[in-house]
Amino acid sequence: MSYPFEYGDETIWDAGYHSGKLYASLASGAARFLDVPSGLTPTPQGGCAVDREMFQVFVERLYGLYTATSNEVLRELAHGLLITSLVLLDRTGGTIAPRPEDAAPLSKAKSALSESMAP
């Protein structure tokens, strides 16, 4: 059983049911914490539709939290969600502008995770 993430007519991540449901739940909680919509809407088929514009704002705010804190626990909690979100954002054609010192590490982490996130 899967939990697909759809952008228009395209499946951008055909997540396993548990990993997809957990990601959607974590994104929803983080969006409430950041006071922005996540851009992810549950579908009747059991997955999520991605609204790129709203999702991009969510990812930008999540990245802002990630870079603004010196709290290692908060930073690590945000990191996994951020990397997964960056992969999905990239697959919608969206992007964020990371700080120069973050560009290479985020790109490397995103590339590594992307390989295990089959579209």
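**Entry 1: H1 and H3.** I looked up how helix H1 (residues 17–34) sits against H3, and found that their axes come within 11 Å and cross at roughly 105°. Angles of 65 to 115 degrees count as roughly perpendicular, so H1 is roughly perpendicular to H3. I noted that this is a predicted model. From H1, the contact uses Tyr23, Leu26, Ala27 and Ala30; from H3, Leu81, Thr84, Ser85 and Leu88. I sorted this contact by class: six nonpolar residues, two polar and no charged.

**Entry 2: H2 and H3.** Next I checked helix H2 (residues 52–68) against helix H3 (residues 72–91). Their axes come within 9 Å and cross at roughly 150°. That makes H2 roughly antiparallel to H3. I recorded the crossing of H2 and H3 as left-handed. By class, the contact of H2 with H3 has 14 nonpolar, four polar and two charged residues. Among the residues that meet are Phe55, Phe58 and Leu62 in H2, and Ala78, Leu82 and Leu89 in H3.

**Entry 3: the largest pocket.** I then turned to pockets. The largest holds about 220 Å³ of space. H1, H2 and H3 are the elements that give two or more residues to its lining. I listed some lining residues, including Leu26, Phe33, Leu62, Leu65, Leu77 and Leu81. The lining has nine nonpolar residues, one polar and no charged.

**Entry 4: the second largest pocket.** The volume here is about 170 Å³. Which helix gives the most to this lining? I found that H4 does, with four residues. H3 and helix H4 (100–114) each supply at least two. Asp90 and Lys110 are among the lining residues. I counted the classes as six nonpolar, three polar and two charged.

Key:
Residues numbered from 1 in each chain as written. Predicted model: local features only at pLDDT ≥ 70, side-chain atom pairs only at ≥ 80, totals over all residues. Heavy atoms only, no water. Axes fitted to C-alpha atoms, helices over the stretch in contact; angles between N-to-C directions. Parallel < 35°, antiparallel > 145°, perpendicular 65-115°, else oblique. Left-handed = near helix turned anticlockwise from the far one by under 90°. Contact = heavy atoms within 4.5 Å. Nonpolar A, V, L, I, M, F, W, Y, C, P; charged D, E, K, R; others polar. 1 Å grid on protein atoms, 1.4 Å probe; cavity = no way out; pocket = protein on both sides within 12 Å on 5 of 7 lines; lining within 4 Å. Points joined across faces, edges and corners; volume = space filled by probe spheres on them.
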